[in-house]
Amino acid sequence: MNKVVLVGRLTAKPELRYTASNTAYTRFSVAVNRNFTNADGKRDADFINVVAWRKQAETISKFFDKGNLIALEGRLQTGSYDDKDGNKRYVTEVIVDKVELVGSATKKEENAQNNQNIVQNQPDQQTNWVY
């Protein structure tokens, strides 16, 4: 069985491209936080390369943007190619079967909204104390 489920943030706006036979595709990367913290107490992320084809590629490139939280299901696929210098390069990618926009806000927008909520929920700084 070859099945991958990821929830992470897009590292860039997915760009729609077409093969020579006019098949739509997009390649993008998803930053997925690890389930544990590092020695500094921070969460590291893995950057997973993803490919979507045809209608899903069109949908992703149209409705998804950098920083969006995305959930996807797919399969791992490995391959190789020769680079411009003749060196063999190996790639591992997730090929998308299903995709879902988890939240409409980017991380930056969520942080701004959270900061605004904190400010709005703080008590008035000019409280009169009665003793």
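Is Asp 83 buried or exposed? At 17% relative accessibility, Asp 83 counts as buried, because the cut-off for buried is under 20%. I will come back to that residue. Before that, a caution: what you see above is a predicted model.

Let me start with the whole chain. The protein chain contains 2 helices and 6 strands. Going along the sequence, the order is β-β-β-β-α-β-β-α. There are 131 residues in the protein chain, and 27% of them are buried. The accessible surface of the chain is about 9,900 Å², and carbon and sulfur atoms account for 47% of that surface. As for contacts, take those in the chain with a separation of 6 or more: 59% of them are between residues 24 or more positions apart.

Next, the core. The largest nonpolar core is made of 15 residues. Phe 28, Val 30, Val 50, Ile 70 and Leu 72 have the most contacts inside it. Several elements give two or more residues to this core: strand 1 (4-10), strand 3 (24-37), strand 4, helix 1 (54-63), strand 5 (69-82) and strand 6 (88-103).

Take Ile 70 as an example from that core. Leaving out residues up to four places away in sequence, Ile 70 touches Leu 6, Val 7, Gly 8 and Leu 10, among others.

Now to strand 4, which covers residues 43-53 and holds Asp 44. What does Asp 44 contact beyond its neighbours within four places in sequence? The partners are Val 32, Asn 33, Arg 34, Phe 36 and Asn 38. With Asn 38 there is a polar contact between the side chains, at 3.2 Å. Val 32 is 12 residues from Asp 44 along the chain, and their C-alpha atoms are separated by 8.5 Å. The relative accessible area of Asp 44 is 32%, so this residue is partly exposed.

Asp 46 is also in strand 4. Which residue forms a salt bridge with Asp 46? The partner is Arg 34, and the closest N and O atoms are 2.7 Å apart. This pair links distant parts of the chain, since Arg 34 sits in strand 3, 12 residues from Asp 46. Both ends are partly exposed: Asp 46 has 29% relative accessibility, and Arg 34 has 30%. Arg 34 is also one of the residues in contact with Asp 44.

How many salt bridges does a search of the whole structure find? The search finds 6. I will mention two besides the one just described.

One is between Glu 15 and Arg 17, with the closest N and O atoms 3.5 Å apart. Glu 15 is partly exposed, with a relative accessible area of 47%. Arg 17 is partly exposed as well, at 44% relative accessibility.

The other brings us back to the opening question. Asp 83 and Arg 89 meet through their side chains in a salt bridge, 3.0 Å from N to O. Here the two ends fall into separate classes: Arg 89 is partly exposed, with a relative accessible area of 41%, whereas Asp 83 is buried at 17%.

To recap, the predicted model has 2 helices and 6 strands, a largest nonpolar core of 15 residues, and 6 salt bridges. That is all I have.

Definitions and conventions
Residues numbered from 1 in each chain as written. Predicted model: local features only at pLDDT ≥ 70, side-chain atom pairs only at ≥ 80, totals over all residues. Heavy atoms only, no water. Helix = DSSP H or I, 4+ residues; strand = E, 2+ residues; numbered from the N terminus. Buried < 20%, exposed > 50% of the residue type's maximum accessible area, 1.4 Å probe, protein only. Contact = heavy atoms within 4.5 Å. Polar contact = N/O pair within 3.5 Å; in protein donor to acceptor, adjacent residues only side chain to side chain. Core = buried A, V, L, I, M, F, W, Y, C linked by side-chain atoms within 4.5 Å. Areas by Shrake-Rupley, 256 points an atom, 1.4 Å probe, with all protein chains shown as cover. Salt bridge = Lys/Arg side-chain N within 4 Å of Asp/Glu carboxyl O.
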